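Here are some notes for a colleague who is opening this entry for the first time. Please keep the model in view while going through the points.

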Amino acid sequence: MKKFQFPSSALAFLALVVFATSPSVAQNWSHPCGAGDAPRQNLDFISQLRANGAFDNLDVEQVGVTYFLPVKFHVIGSNTGTGYFSHEGIFRNLCELNQRYNSLGIQFFMRGDINYIPNSSMTDLPSFAAAGVLNSQYNVARVINVYYTGLSTLQLCGFANFPGTGEPTSPANRQGAIYLSPGCSGQNNTTWTHEMGHFLNLPHPFDGTAAQPAAIS
């Protein structure tokens, strides 16, 4: 396993390409995309995450100049087996994510089978706290856990935890997750690209990101 540090060039990449994906903070700017820097306290918070070894509990393999990061998919549907995001959509999202991160020397691959979760009460996630409950119950250690479920109650297309933050709280498995709305995960949608940037420790390049957030959109 290799130590992983997100390339510094990635911040400019995400600022120019993908900061237009969420109906909340990520989309309702008071300034054009990429105008100004993230608040100092946010940058200090993220720097401290790196210093504390935020990626030490994530399996990362390096082949040549490319880092390979494992992803575990969790898909939430109804108790009667309906409403699940399609596996075709998941694999399309993964291929598009890899295309966008390829120039940065980062690629993602699926670890294990897709975990289908029948839970009608979570097909439209009611709160960030509910995400923490799901994380604690279903997260797999040492991978990037990605959940597909409706987010209309939160008025989001997606959100993510910064590395080493979020539920579960066990130090060996404190890794949070990325949550994606199926409605914002169609072909050529950049929601996952955006949220993966946050999971890999990139803030928004503008004011509006709270320091030490429970989740960031």
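1. By class, the lining of the largest cavity holds six polar, three nonpolar and two charged residues; here Ala, Val, Leu, Ile, Met, Phe, Trp, Tyr, Cys and Pro count as nonpolar, Asp, Glu, Lys and Arg as charged, and the others, Gly among them, as polar. The model is a predicted one, in which local features need pLDDT of at least 70 and side-chain atom pairs count only at pLDDT 80 or more, while totals for chains, interfaces and linings use all residues. Residues are numbered from 1 along each chain as its sequence is written, and side-chain values use heavy atoms, with hydrogens and water left out.

2. The largest cavity contains about 70 Å³ of space, and a search of the whole structure finds one cavity of 30 Å³ or more. A cavity is a set of points on a 1 Å grid over the protein atoms alone where a 1.4 Å probe fits but cannot get out, and lining residues have an atom within 4 Å of a point.

3. Among the residues lining the largest cavity are Asn93, Glu96, Leu97, Arg100, Trp192 and Thr193. Helices α3 and α5 each supply at least two residues of this lining, and α3 gives the most, with four residues; helices are DSSP runs (H or I, at least four residues) and strands likewise (E, at least two), numbered from the N terminus.

4. The axes of α3 (residues 87-101) and α5 (residues 191-199) come within 9 Å and cross at roughly 60 degrees, the axes being lines fitted to C-alpha atoms over the stretch in contact, with angles running from 0 to 180 degrees between N-to-C directions. The contact (heavy atoms within 4.5 Å) is made by Asn93, Leu94, Leu97, Arg100 and Tyr101 of α3 and by Trp192, Thr193, Met196 and Gly197 of α5. These contact residues divide into five nonpolar, three polar and one charged.

5. Two backbone details deserve a look. The peptide bond from Glu167 to Pro168 is cis, with omega near -5 degrees, and Pro168 lies in the loop between β6 (158-160) and β7 (178-180). Gln155, although not a glycine, has a positive phi of about 55 degrees.

Terms used
On a 1 Å grid over the protein atoms alone, a cavity is a set of points where a 1.4 Å probe fits but cannot get out, and a pocket is an open set with protein on both sides within 12 Å along at least five of seven lines; lining residues have an atom within 4 Å of a point. Grid points are joined across faces, edges and corners, and a volume is the space filled by probe spheres set on the points.
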